[in-house]
Amino acid sequence: MSETTSTREETKPPLNGRRALPPNISNDEENEVPELDPFGLIPRGFNPKDYLRIVDIYMFKEPHEINKQQHHTDKYYNPKLIVRRGQPFQIQIDFNRPYRPETDQFWLEFLIGRYPQQNKGTYIPIIVGNVLKPGEWGAKIIHRENNSIRLSIMSSATCIIGKFRLYVAIWTPFAILRTRRNPATDMYILFNPWCQKDAVYLDDEREREEYVLNDVGIVFHGNVEDVKSRSWSYGQFEENILDACLFLMDKAELELSGRGNPIKICRVASAVINSRDNNGVIAGSWNNSYDYGVAPSAWTGSVDILLEYYSSKQPVRYGQCWVFAGVFNTFLRCLGIPARLITNYSSAHDNNANLRLDFFLDDEGKVDTRLTKDSVWNYHCWNEAWMTRPDLPVGFGGWQVVDGTPQETSDGMYRCGPASVQAIKHGHVCFQFDAPFVYAEVNSDIFFSRMEKNGTQVIEKIDTTHIGQLIVTKEVGGDGMMEITEEYKFREGSDEERLALETAVMYGVKKQTTRDTTYQPQTDIDMDFQVQKAVLGNDFKVTITFRNRSRNSYTATTYLSGNIVFYTGVPKSEFKKHSFTAKLEPSSSSSFDVVIKSSEYMTDLLEQASFHFFVTARINETGKILAMQKATILEIPTLRIKTKGELVAGKEMSVIVEFTNPLKQTLENVTLRLEGPGVLRTIKKEFRSIPMNSTLTWEVKCIPMRPGLRKLIASLNCDALRHVYGELNVQIQKP
């Protein structure tokens, strides 16, 4: 026995009294399969060469051949056969002489993992018959010529997803003769959204093209008032990505026999995408320091991250929600589960899931950061995966929320989902997994309250419409935005919405009432404020407007607090404090401008250039407080991308990236990244400095491999400026 196998034996867990075999959790490991399997003593004159012998097996595994074409797997950059389950594929077997069905007997064996067992679906013997049953394992001969036969093989619509080994066995009176181990005949079996019997069946061809076969997508970020978008390269067909995705299931120690079930796969994957409790793929960082790693905003796609993890087996630094969601989407689409990336604007991170986010104000009306534990994320990205839910009552299949960003633990691990979107909409949060947490993310109310000296809590304002105002995803077949808020919740204030909330409360979502605290708001004055759209590095103004609908004169002591916040809603620093007294005349409106200078915010700016303004006004005559909050985002400059030369597959072309520094400072240690699935692998370049107002030009030569509409995506990153992107659609012609 070689060195490597003996050490592997030692690291295997010892057998215990509960199971006869160790757990079968690795798709990579194999068992030895004998070429000669005797039935007993073999007589002296027995010569295997006297019997039917296999000379060659042909898998039809090239991208242009029948199998990959019919199974929609021709885009995978992988030399082996890749098929989807529940659908027939073809192989050809060449014998040493013509096959005689009356006397010759052979069968096929598909094996996966180290301990193949027939009852676990990890050892699959297939006898050749006359008819194929849809969605069940079987094989039949469809063509015979000279010494060759062609077989059509059907796989089960519920079979394990992964990489199988193929053997052909021949029966003789004294022994079974098998083909020797040949990695060239290994094949991958994936989920099949085109097969009605598959749990991930999706009936719309345009949706299948988008949610399974599209290898680039859009991430929507920014905030409700200012939706921004950027491209993300999923790259699910790129070289070694399929193996990397299968490795994630090994890493999560998902038993091979459970790998035909999309519910189980999503659940374990949502834990292994983040590194919190199992050294998973991506280490999150939300504190604006990214030493020894890549800033989350610098990534342009999933491929680099997955390949780095696959080779190093160590978490890749660093990610934030859209990075976790981008990589998760690649994993799902790569295995054949329809998936899309979702953005929820004003997403609640409700620590105790009581559908209530508490913001505590101090005497001046400022938010008290010591007491305030909940946060509102400007946006939060998660994924939806499409599947049936036989574990739930009828009607809760379809899109399921899965989230790889570590926020709260579920059954002891940082993971979330799959939770039925339909169940969330109707308040049926009793159905697994993690529906109450997702329900709170899109349905919480914000309470602004103040502690009186005597310890009573006074609620100054309740905002019931801020959370989950807008939920979006990329439209099918285009780069635009599709709003799907209605799939998660009924219209605010409708009878159905009330009913869904009552259902959620009945099923154990804690909803605190306002009865236990005093709440008498000032109703005859409205306050609102607008933040002027501004470009990074410029001054801008905030306009506060009061409308006094009463016949009384009031004075309002008004306080504006400007905070630089992480996109998760957690403040980093207060950069602007401004207070003034506003005179409010009867039955009239009045506006007040507050100027924000670039010098006030540039030193502390975080990567998303995101501000959060709180305006509180105390009506001096009544002691009541008006409170309002808004997030705003600066316009960040973009990269320009151009091409030079002919855009033809197999011919050299040039890509030119340009950037002009708009800031009143020199940018130091700038990193540029450029990638485009099917056109070029990710390239990085470092620039020492870019002086103010100067333009940088970077030219990259490449040879596009695949014809068709492709996308080039670039990012620029340095400590002073992040989230700078550029993209370009290019039509690559056939040679």
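1. Let's start with Asn443, which sits in helix H9, residues 435-443. Is Asn443 buried or exposed in this predicted model? With a relative accessibility of 16%, Asn443 counts as buried, because the cut-off for that label is under 20%.

2. Asn443 also turns up in an annotation. The unreviewed UniProt entry lists a "binding site" that covers Asn443, Asp445, Glu492 and Glu497. These residues span 55 positions in sequence, yet no two of their C-alpha atoms are more than 13.7 Å apart, so they gather at one spot. Keep in mind that the label comes from the record, and that such annotations may be inferred rather than shown by experiment.

3. On the overall layout, the protein chain is divided into four stretches: domain 1 (36-190), domain 2 (205-507), domain 3 (525-633) and domain 4 (640-732). If you take the centres over C-alpha atoms, domain 1 and domain 3 are 71 Å apart.

4. Next, have a look at helix H7, residues 321-335. From first C-alpha to last, the 15 residues of H7 reach 22 Å, close to the 21 Å expected at 1.5 Å a residue. How many of the residues of H7 are buried? The count is 15 of the 15, so H7 is largely enclosed by the rest of the structure.

5. Among the buried residues of H5 are Pro262, Cys266, Arg267 and Ser270, along with Ile263, Ile265 and Val268. Which contact is found at the start of H5? There, Asn261 brings a side-chain oxygen to within 2.8 Å of the backbone nitrogen of Ile263.

6. Last, the sheet. Three strands, in the order E34-E35-E38, make up an open sheet with antiparallel pairing. Strand E34 (640-644) and strand E38 (695-702) stand at the edges with a single partner strand each, so one side of each has no neighbour in the sheet. Going from one strand to the next, the twist averages 20°.

7. A bit more on that pairing. Strands of a sheet pair through backbone hydrogen bonds, either parallel or antiparallel. Here, strand E35 (residues 653-660) and E38 run antiparallel and are joined by eight bridges.

How values were computed: Residues numbered from 1 in each chain as written. Predicted model: local features only at pLDDT ≥ 70, side-chain atom pairs only at ≥ 80, totals over all residues. Heavy atoms only, no water. Helix = DSSP H or I, 4+ residues; strand = E, 2+ residues; numbered from the N terminus. Expected span 1.5 Å × (residues − 1). Buried < 20%, exposed > 50% of the residue type's maximum accessible area, 1.4 Å probe, protein only. Polar contact = N/O pair within 3.5 Å; in protein donor to acceptor, adjacent residues only side chain to side chain. Pairing = 2+ DSSP bridges. Axes fitted to C-alpha atoms, helices over the stretch in contact; angles between N-to-C directions. Domains from an automatic or database assignment.
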